Amino acid sequence: MTTPPLPRRLLAEGIGTALLVTTVVGSGIMAQQLSPDDVGLQLLQNSTATVLGLSVLILVLGPVSGAHFNPVVTLAAWFLGRRDGSGPTATEGMAYAVTQVVGGIAGCVLANLMFAVPTALSTTDRATGPHLLAEVVATAGLVGLIFGLLRAGRKAVVAPAVGAYIGAAYWFTSSTSFANPAVTVGRIFSDTFAGIAPVSAPGFVLAQVVGAAIGVAAVLALFPTPRESTPIAVPDEPTSTAEAAG
């Protein structure tokens, strides 16, 4: 499959990241309104919407940009593909990352507007030791999952697997698995259930970068040789009605 031109890929990354953050923040606001006295139920509602929304976004936009929606995923794609040219170039990677961050902020503002919530800096301080460790674990698992599947030649299952992993990580990490610098920055701009205080964001981003490095190291140890060329994380496109049906 021919790689689409960079402007189209950036458009897909911007839209995808924006809609991902809209899903996270919007469902968090809705959960807070529907279940104001039950934080556990709020988390269940928030995580369910995120699982479904993220999986759909990867399936729809994966064939265009690879559906990274995440600067550390783009960084890992560049690092793992730099020798054989299967990943983005350094310039493309930087353009991806900037677009993802801008998209994340725009998605948060959109969620606020839909629920008539003021766009304001969050006051939710999350930067504790356990939370930062959780971000390392969550991000390492995410990067390991994506590129492990790609190197094993199983890119068709990336979308549901990533959705399932993030849904699980909402519950097994104390940080609720941000695992994404663009999402972290975007969530600064909503003082709601899903927000994160600006003072907490740098620690989260650093933990995510560390987690990504651990994830890449695990991929290289477990899958040293890719089974096939995997330039971007896209699902296989069905070639027939039978294949599309499974």
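This is a predicted model: local features need pLDDT of at least 70, side-chain atom pairs count only at pLDDT 80 or more; totals for chains, interfaces and linings use all residues.
**View 1. Helices H3 and H4 run roughly antiparallel to each other.** Helix H3, which spans residues 71–81, and helix H4, which spans residues 90–114, have axes that come within 9 Å and cross at roughly 170°; because angles over 145 degrees count as roughly antiparallel, H3 and H4 are therefore assigned to that class. The residues that meet here are Pro71, Thr74 and Trp78 on the H3 side, and Ala90, Gly93, Tyr96, Ala97 and Gln100 on the H4 side. Sorted by class, this contact of H3 with H4 comprises five nonpolar and three polar residues, with no charged residues.

**View 2. Helix H2 packs against helix H6 at an angle of about 160°.** The axes of H2 (residues 39–65) and H6 (residues 158–172) lie 8 Å apart, and the angle between them makes H2 roughly antiparallel to H6. The crossing in which H2 passes H6 is right-handed. From H2, the contact is made by Gly40, Leu43, Leu44, Asn46, Ser47, Thr50, Val51, Leu54, Ser55, Ile58 and Leu59, while H6 contributes Ala159, Pro160, Val162, Gly163, Ile166, Gly167, Tyr170 and Trp171. By class, the contact of H2 with H6 holds 12 nonpolar and seven polar residues, and no charged residues.

**View 3. The buried residues of helix H6 pack against helices H1, H2 and H5.** Helix H6 has 15 residues and reaches 20 Å from its first C-alpha to its last, which is close to the 21 Å expected at 1.5 Å a residue. Its buried residues are Val158, Ala159, Val162, Gly163, Tyr165, Ile166, Gly167, Ala169 and Tyr170. The helices against which these buried residues pack are H1 (6–34), H2 and H5 (129–151).

**View 4. Phe178 is placed in the loop between H6 and helix H7 (181–187).** With a relative accessibility of 4%, Phe178 counts as buried. When residues up to four places away in sequence are not counted, Phe178 touches Arg126, Glu135, Thr184, Arg187, Ala194, Ile196, Phe204 and Gln208. One of these partners, Ala194, is 16 residues from Phe178 along the chain, and the C-alpha atoms of Phe178 and Ala194 are separated by 10.0 Å.

**View 5. Thr139 is a buried residue of helix H5.** The relative accessibility of Thr139 is 0%, and Thr139 therefore counts as buried. Leaving aside neighbours within four places in sequence, Thr139 is in contact with Val72, Ala179, Gln208, Gly211 and Ala212.

View 6. Most residues other than glycine have a negative phi. At 10% relative accessibility Ala67 counts as buried, whereas Ala116, at 69% relative accessibility, counts as exposed.

Notes
Residues are numbered from 1 along each chain as its sequence is written. Side-chain values use heavy atoms; hydrogens and water are left out. Axes are lines fitted to C-alpha atoms, for helices over the stretch in contact, and angles run from 0 to 180 degrees between N-to-C directions. Helices (H or I, at least four residues) and strands (E, at least two) are DSSP runs, numbered from the N terminus. Angles under 35 degrees count as roughly parallel, over 145 as roughly antiparallel, 65 to 115 as roughly perpendicular and the rest as oblique. A crossing is left-handed if the near helix is turned anticlockwise from the far one by less than a right angle, and right-handed if clockwise. Contact means heavy atoms within 4.5 Å. Ala, Val, Leu, Ile, Met, Phe, Trp, Tyr, Cys and Pro count as nonpolar, Asp, Glu, Lys and Arg as charged, and the others, Gly among them, as polar. The expected span of a helix is 1.5 Å times one less than its number of residues. Buried means under 20% relative accessible area, exposed over 50%, partly exposed in between (1.4 Å probe, protein chains only).
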